[in-house]
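Open the model in your viewer and keep the selection tool handy.

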Amino acid sequence: MKNLIIDAKYEKIFFSVITEAQSYTTSYINSRENFDKFLDFLLSFLKTHKIELKDIEKIFVNQGPGKLSSIRTSISIAKAIALSKNISLIGFKTTDIEGNNYEKILKLEKKNLLNKGLIKPYYSS
């Protein structure tokens, strides 16, 4: 099982893939210029690690709170991929993780503590 995690809450954009055996993570500067490249960065990250979208079972996306444009962009792309490839989409909040410990997201999902319905953004004030 391969899980894709998309997290663009603050200064960095994080992409992570976690499998039973290993995990891969990369980050990019969270800037206005990089919003246009967001999907390119994601696809490049997957290609680098020889992962195809058809191999992803679940997509986890940070719903915020965080920067408005970052949260909106990451949720939009996660939803588009999930709908087009029939992948489960699960939302988590910034407060659900500490640092970049994305393994905790998987544990919360197993306990049914994450949002599997409407993925609604939460913006910082």
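A polar contact is a pair of N or O atoms within 3.5 Å; within protein, one must be able to donate a hydrogen and the other to accept it, and residues adjacent in sequence count only if both atoms are side-chain atoms. This is a predicted model, where local features need pLDDT of at least 70 and side-chain atom pairs pLDDT 80 or more, while totals for chains, interfaces and linings use all residues. Residues are numbered from 1 along each chain as its sequence is written, and side-chain values use heavy atoms, with hydrogens and water left out.

Select Ser-74 in helix α3 (helices are DSSP runs of H or I, at least four residues; strands are runs of E, at least two; both are numbered from the N terminus). Its side chain reaches the backbone oxygen of Ser-70 at 3.0 Å. Ser-74 counts as buried because its relative accessibility is 0%, the cut-off being under 20% with a 1.4 Å probe and protein chains only. Beyond four places in sequence, Ser-74 is in contact (heavy atoms within 4.5 Å) with Ile-6, Ala-8, Phe-38, Val-61 and Asn-62.

Next, show Leu-4, Ile-6, Phe-15, Leu-42, Leu-46 and Ile-59, which touch the most other members of the largest nonpolar core, a set of 25 residues. Such a core joins buried Ala, Val, Leu, Ile, Met, Phe, Trp, Tyr and Cys residues through side-chain atoms within 4.5 Å. Now colour α3 (68-85): this helix gives the most to the core, with six residues.

Note on methods: Buried means under 20% relative accessible area, exposed over 50%, partly exposed in between (1.4 Å probe, protein chains only).
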